[in-house]
Amino acid sequence: MMLRALIRRASSRGSSSASGLGKSLRSSRVAASAQFHSVSATETLVPRGSHSRSFHHRSCPGCPDCSRTVFNGYQGTALQRWARPFSSDSGDVVEAVVPHMGESITDGTLATFLKKPGDRVEADEAIAQIETDKVTIDIASPASGVIQEFLVKEGDTVEPGNKVARISTSADAVSHVAPSEKTPEKPAPKPSPPAEKPKVESTKVAEKPKAPSPPPPPPKQSAKEPQLPPKDRERRVPMTRLRKRVATRLKDSQNTFALLTTFNEVDMTNLMKLRSQYKDAFLEKHGVKLGLMSGFIKAAVSALQHQPVVNAVIDGDDIIYRDYVDISIAVGTSKGLVVPVIRDADKMNFADIEKTINGLAKKANEGTISIDEMAGGSFTVSNGGVYGSLISTPIINPPQSAILGMHSIVQRPMVVGGSVVPRPMMYVALTYDHRLIDGREAVYFLRRIKDVVEDPQRLLLDI
């Protein structure tokens, strides 16, 4: 009996606590629902352009806000404001960028603009020029249109891939181009009122005249200082990248190589006679004029084959002997010195050499020569005679080991067969790296140049 009473009492207590727990759970649900509704009503808390969905429960009986779409973050102007930063106001605008400039060139200087904002350009038309250490490169328009604006200035350093200009390709692109700003006319300055003369107070008491003071002693004559020219008669112009590159390379050549120069003189009678005799037939067949340069190139090839150390180069503790002959020719242009290369000159005849020289010289003067056409080279020939140079000591073009200098042709009295006769003579100079080339090889090299030029038939007989 006592056990039954205890069980009844425990069950009655459990039911009352369970009902209390149920009431607390129902009150918690009501509070959470109210809080949930309050959060969903504050739609303005969602940031503009955010990808967040509205924090709202899917449906709730008796809630007026539940009839709205759950993804209200993408409705109305919210979607437009989110998408607008990613849209393009002018989808018909293209950009001109800096092209690839070669393996050894990482940047350049924007030298000049060939067009102005508002100008019409065609596809692949040059709009600007970049000056590098070696060549001048054009920036071409990617499409036909009108230049809206330039993104860089003249003199800025640019790299491959940098944006240079914006070009509109639409039909009415002219209307989108901003008109050039005109400087407002400044109003004429108003004339300033005349300055009032200070009033001089008249002295009431007449002053007694003073005795004249003795003249001052003459100033001591100091040493005359040198009179320098005024600064307004000087001009300061920044060096071009090509000129800076040439200066650096030539100075490195002086600092690195043991430079030494040897000379000889060449009688040009037979080579000039050969050219005069066959120049018309040569021009008619090959379309180029027969010059003296091709004769010296062939002579240099023969000399390099007889003295291969002149065609070699030092690399660390090793000597690299080249089994090919790529001859560089120094060409002076208005922008600086460039050195294009005649590839495999040992496999060319006179006509091939003349055609190659004419093509490279034309490109160098026009500024259209490429990096590949100037890369490499195992030996250099420089013709200073076209400018009237009588004799000089050329500087080696690194990393080569020697350079041949040609000079002007001058009629000089020479002893031929016991008689003194006038002969067209040319001084030739060979500057070489004395670390690699001894004086004997250098002299033999110039002797071979002299023998071949004075008797071109040696090339036919290979003697």
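In strand β8, E149 has R166 as its bridge partner, and the two strands involved, β6 (residues 145–150) and β8 (residues 163–168), run antiparallel and are joined by four bridges. Helices and strands are here DSSP runs, numbered from the N terminus, with at least four residues (H or I) for a helix and at least two (E) for a strand. The model is a predicted one, in which local features need pLDDT of at least 70 and side-chain atom pairs count only at pLDDT 80 or more, while totals for chains, interfaces and linings use all residues. Residues are numbered from 1 along each chain as its sequence is written, and side-chain values use heavy atoms, with hydrogens and water left out.

Strands β6 and β8 belong to an open sheet of four strands in the order β1-β8-β6-β3, with antiparallel pairing, where two strands pair if DSSP finds at least two bridges between them. Its edge strands, each pairing on one side only, are β1 (93–97) and β3 (120–121).

Two single residues can be set side by side, with their relative accessible areas; buried means under 20%, exposed over 50% and partly exposed in between, using a 1.4 Å probe and protein chains only.

| Residue | Relative accessible area | State |
|---|---|---|
| R241 | 13% | buried |
| G388 | 49% | partly exposed |

R241 lies in helix α4 (residues 241–256), and its side chain makes a polar contact with the side chain of T109 at 3.2 Å; such a contact is a pair of N or O atoms within 3.5 Å, and within protein one must be able to donate a hydrogen and the other to accept it, while residues adjacent in sequence count only if both atoms are side-chain atoms. G388, in turn, sits in the loop between β16 (379–383) and β17 (402–406), and its C-alpha is 5.4 Å from that of S408, although the two residues are 20 apart in sequence.

The largest nonpolar core has 69 residues, of which I127, F296, I297, F379, V381 and I449 touch the most other members; a core is a set of buried Ala, Val, Leu, Ile, Met, Phe, Trp, Tyr and Cys residues joined through side-chain atoms within 4.5 Å. Helix α6 (residues 292–306) gives the largest share of this core, nine residues. Leaving out residues up to four places away in sequence, V381 touches M293, I297, A300, I327, S328, I329, A330, L404 and M406, where contact means heavy atoms within 4.5 Å.
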